[in-house]
Amino acid sequence: MKKVLTFSEIDTLVDKLSNIIKKNDVIALIGDLGTGKTTFVKRFAKNLGITENVKSPTFTYVMEYRDIEPALFHFDVYRICDAEEIYEIGYEDYLHNDGIVIIEWANLIESELPEEYLKIELFHKDENSRGVEIKYIGNEKREKEILEYVDFSN
Ligand SMILES: Nc1ncnc2c1ncn2[C@@H]1O[C@H](COP(=O)(O)OP(=O)(O)O)[C@@H](O)[C@H]1O
Ligand SMILES: [Mg+2]
């Protein structure tokens with residue numbers, strides 16, 4: 001389901017998502033530069049109780065926030081050349097670490113994403129809004145629940 005949302009509506013969407021995303025969930029954030037992926041993660045992290053200034057990981061691909069329960073693992077794979085490279089930093093372990101995994105530029109490692117994940121695509125619209133498409137890959141029941149909860153089901 002795709003909608004055009006103002007930034008303030010996107011903020012509300014992030015707040016709702018932070019209520020229903022649980023440990024071991026994976027969020028794939030996809031969208032061109034400047035569509036709002038990092039802004040999404042910052043708000044999401046704050047909602048989880050992270051007080052640090054969240055910045056996109058650059059050379060390491062991942063930032064860990066373990067002071068909260070569940071932990072948050074924030075990936076940004078913008079600079080990756082080959083999806084397989086993600087395993088060199090222990091990607092597999094992060095997926096099974098009882099934390100929440102959120103991945104900016106997840107389309108660059110699409111082949112390595114798990115069987116189930118929340119896929120959020122952001123599209124440029126204008127200076128105050130973005131196109132937002134939400135799907136839950138691999139679990140129709142969960143997709144229905146989430147889309148209803150965030151008012152995306154109509
Ligand atoms: N929810 C939002 N509220 C206000 N501004 C936003 C929001 N999302 C994106 N923006 C605007 O878009 C710019 C780029 O967002 P950013 O999150 O850095 O994008 P990305 O990580 O996708 O490159 C921000 O500096 C801000 O001006
Ligand atoms: Mg970013």
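The legends below describe close-up views of a predicted model. Residues are numbered from 1 along each chain as its sequence is written, while chains are lettered from A and ligands numbered from 1 in the order in which they are written. In this predicted model, local features need pLDDT of at least 70 and side-chain atom pairs count only at pLDDT 80 or more, whereas totals for chains, interfaces and linings use all residues.

View 1. Helices (H or I, at least four residues) and strands (E, at least two) are DSSP runs, numbered from the N terminus. Their order along the sequence is β-α-β-α-β-β-α-β-β-β-α. The C-alpha trace spans about 40 × 30 × 30 Å along its principal axes. A compact globule of 154 residues would have a radius of gyration near 15 Å, and the 14 Å of the chain agrees with this. That radius is taken over C-alpha atoms, and the globule rule is 2.2 Å times the number of residues to the power 0.38.

**View 2. The shell of residues around ligand 1.** A residue is near a molecule if its C-beta atom, placed from the backbone, lies within 6 Å of it. The shell includes Phe7, Asp11, Lys37 and Thr38. Three of its residues are nonpolar, six polar and two charged. Here Ala, Val, Leu, Ile, Met, Phe, Trp, Tyr, Cys and Pro count as nonpolar, Asp, Glu, Lys and Arg as charged, and the others, Gly among them, as polar. Helices α1 (7-20) and α2 (37-48) each supply at least two residues of this shell.

**View 3. The buried and exposed residues of α1.** A residue is buried if 20 or more other C-beta atoms, placed from the backbone, lie within 10 Å of its own, exposed if 12 or fewer, and partly exposed in between. Leu13, Val14 and Leu17 are buried in α1. They cover an arc of only 100° around the axis, and therefore lie on the same side of α1; the arc is that of the directions from the helix axis to the C-beta atoms. The face turned away from the buried side carries the exposed residues Ser8 and Asn19. The cover over the buried residues includes β1 (2-6), α2 and β7 (129-137).

**View 4. Asn97 in the loop between α3 (91-95) and β5 (100-104).** Asn97 counts as partly exposed because it has 17 C-beta neighbours inside 10 Å. The C-alpha atoms of Asn97 and Glu140 are separated by 24 Å. Along the chain, these two residues are 43 residues apart.

Key:
Contact = placed C-beta atoms within 7 Å.
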